[in-house]
Amino acid sequence: MGADKERELDGKVALITGAGGCIGRSTAAVLARRGARIVAVDHPAADLSALSAALPSGVKPILIEADVTAEEDVRRYVASALAEAGRIDIFFNNAGIEGPQAAIADYPVRDFRRVLDVNVVGVFMGLQAVLPEMVRQGSGSIINASSIAGMIGATNMAGYIASKHAVLGLTRVAALEGAAAGVRVNSVHPGFIESRMLSDIAVRLGSEASALAETVPARRLGTPEEVANAVAFLASDDSSYMNGASLVLDGGVTVG
Ligand SMILES: NC(=O)c1ccc[n+]([C@@H]2O[C@H](COP(=O)([O-])OP(=O)(O)OC[C@H]3O[C@@H](n4cnc5c(N)ncnc54)[C@H](O)[C@@H]3O)[C@@H](O)[C@H]2O)c1
């Protein structure tokens with residue numbers, strides 16, 4: 001990290017959903033290193049021990065157990081963040097699931113609804129709770145976790161692909177609704193990232209993550225830290241004129 005990036009987020013409060021996952025905890029670590037106070041939200045069933053280990057020593061996040069698909073939990077995690085940290089400057093709306101791999105003909109409707117519930121309704125309710133606070137504050141940066149699955153299609157992933165396209169749409173609406181108040185809303189679109197989610201998808205496709213890397217123009221997977229750095233950029237004033245933008249980090253997958 002360049003010296004100019006050190007502590008650039010001093011005094012800011014960053015609320016992160018799915019903070020116990022690969023990308024969430026890496027982002028928590030990068031934002032904390034740049035000075036932000038971390039409010040970490042994850043499902044009650046999630047193991048947050050890796051999050052604590054990833055953070056710089058001495059950094060104590062505010063931990064909140066919440067299910068992003070439960071409206072009362074969403075209201076509670078935002079109210080708790082405001083009560084305990086006083087404000088929310090950065091919101092990484094990141095919790096998500098991949099769902100099953102199956103052709104549309106075989107994709108269980110129950111699973112389709114579940115993927116949309118977490119990845120779309122969860123993101124929507126997070127926006128619904130956080131955006132008015134930031135508008136009232138007159139500042140804030142929201143980063144929604146989409147994917148290259150929000151820009152292109154792929155077989156056997158109808159739920160995930162539909163959900164991540166919906167996140168792109170929600171981002172554009174929220175960006176317009178917050179713009180006049182000085183609130184920015186952008187989305188990140190990671191490609192194949194070294195992570196539990198990618199390994200599991202690869203296994204279910206009868207492949208492995210290293211084989212997927214061969215299909216990437218850059219001939220490698222991305223790292224959670226590379227996603228975290230992009231989120232930190234969108235969170236910071238370096239991106240002050242970016243609003244409603246889709247930031248793709250995919251080693252060139254979607255440009256070929
Ligand atoms: N890993 C990748 O290659 C990749 C690529 C593109 C986009 N993404 C997106 O990035 C985000 C993070 O992915 P990741 O790789 O860190 O996955 P992950 O599975 O490691 O982390 C996701 C986190 O979300 C949490 N979560 C799931 N359902 C929840 C719920 N109902 N309530 C609260 N928390 C819940 C999980 O407990 C987990 O900690 C996701 O939205 C994912 O779709 C990931």
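How far does a polar side-chain atom of Asp42 lie from an oxygen atom of the ligand? The distance is 2.6 Å in this predicted model, a polar contact (a pair of N or O atoms within 3.5 Å). Arg196 also places a polar side-chain atom 2.6 Å from an oxygen atom of the ligand, while Gly21 has a polar backbone atom 3.1 Å from a ligand oxygen. On its own, the ligand has 820 Å² of accessible area (Shrake-Rupley method, 1.4 Å probe), and the protein covers 91% of this area. Around the ligand are 28 residues, each with a heavy atom within 4 Å of the molecule; Ile23, Asp42, Tyr160, Ser195 and Arg196 come nearest.

The model is predicted, so local features need pLDDT of at least 70 and side-chain atom pairs 80 or more, whereas totals for chains, interfaces and linings use all residues. Residues are numbered from 1 along each chain as its sequence is written, and side-chain values use heavy atoms, leaving out hydrogens and water.

Turning to the protein itself, Met134 belongs to helix α4 (residues 109-137); helices are DSSP runs (H or I) of at least four residues, numbered from the N terminus. Met134 counts as buried because its relative accessibility is 0%, where buried means under 20% and exposed over 50%, with partly exposed in between (1.4 Å probe, protein chains only). Met134 and Ile88 are 46 residues apart in sequence, yet their C-alpha atoms are 7.1 Å apart in space.

Val248, in strand β7 (residues 246-249), is partly exposed because its relative accessibility is 32%. Strands are DSSP runs (E) of at least two residues.

Terms used. A polar contact is a pair of N or O atoms within 3.5 Å; within protein, one must be able to donate a hydrogen and the other to accept it, and residues adjacent in sequence count only if both atoms are side-chain atoms.
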